[in-house]
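Let's read this model together, one feature at a time.

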Amino acid sequence: QVQVVESGGGLVQFGGSLRLSCAASGNIVSINAMGWYRQAPGNQRELVATIASGGSTRYADSVKGRFTISRDNAKNTVYLQMNSLKPEDTAVYYCNAAGFRGPPYTSFISWGQGTQVTVSS
């Protein structure tokens with residue numbers, strides 16, 4: 001099994017910054033991609049940012065220029081630096097990891113339990 005654990009959420013004022021961390025552990029062979037998603041009350045879960053093993057990144061339009069995703073492949077860890085936070089960024093942020101585990105060798109997609117980010121106006 002592969003476990004994913006997020007940390008770093010909290011309460012911050014409008015315009016402030018937070019850094020989220022996410023570590024994957026278990027019988028991991030390789031991780032192809034890691035990413036952050038968020039879900040606000042009454043809304044569907046949406047993509048925030050993803051990063052591939054080679055370093056290519058993808059961002060939601062709403063966070064481009066404010067959020068930066070990075071990863072430490074040796075530690076199976078991904079980070080999300082969030083700057084210039086807005087009240088509409090308030091949500092539960094979930095980490096996702098996808099790759100291969102084993103033995104027995106098989107693909108996996110694992111989600112963390114989520115961490116709350118609240119931005120006050």
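Q: Which residues touch the most other members of the largest nonpolar core?

A: Such a core is a set of buried Ala, Val, Leu, Ile, Met, Phe, Trp, Tyr and Cys residues joined through side-chain atoms within 4.5 Å. Here the largest one has 31 residues, and Trp-36, Leu-80, Met-82 and Tyr-93 touch the most other members. At least two core residues come from each of β1 (2-7), β3 (18-26), β4 (28-39), β5 (46-52), β7 (67-72), β8 (77-82), β9 and β11 (115-120). Strands are DSSP runs (E, at least two residues), numbered from the N terminus. Bear in mind that this is a predicted model: local features need pLDDT of at least 70, side-chain atom pairs count only at pLDDT 80 or more, and totals for chains, interfaces and linings use all residues. Numbering starts from 1 along each chain as its sequence is written, and side-chain values use heavy atoms, with hydrogens and water left out.

Q: What does Leu-80 touch, not counting residues up to four places away in sequence?

A: Contact means heavy atoms within 4.5 Å. With those sequence neighbours set aside, the partners of Leu-80 include Leu-18, Leu-20, Trp-36, Val-48, Phe-67, Ile-69 and Tyr-93.

Q: Is Ile-51 buried or exposed?

A: Buried means under 20% relative accessible area, exposed over 50%, and partly exposed in between (1.4 Å probe, protein chains only). Ile-51, in strand β5, has a relative accessible area of 6%, so it counts as buried. Leaving aside neighbours within four places in sequence, Ile-51 is in contact with Met-34, Ile-69 and Val-78, among others.

Q: Which residues make the nonpolar surface patch of about 350 Å²?

A: Patch members have over 30% relative accessible area and no salt bridge; like charges are joined within 9 Å, nonpolar side chains (Val, Leu, Ile, Met, Phe, Trp, Tyr) within 5 Å. A salt bridge is a side-chain nitrogen of Lys or Arg within 4 Å of a carboxyl oxygen of Asp or Glu. The areas come from the Shrake-Rupley method with a 1.4 Å probe; for residues, only the protein chains shown count as cover. Here the patch is built from Val-29, Phe-100 and Tyr-105. Phe-100 sits in strand β9 (residues 91-101) and is partly exposed because its relative accessibility is 40%.

Definitions and conventions: Helices (H or I, at least four residues) and strands (E, at least two) are DSSP runs, numbered from the N terminus.
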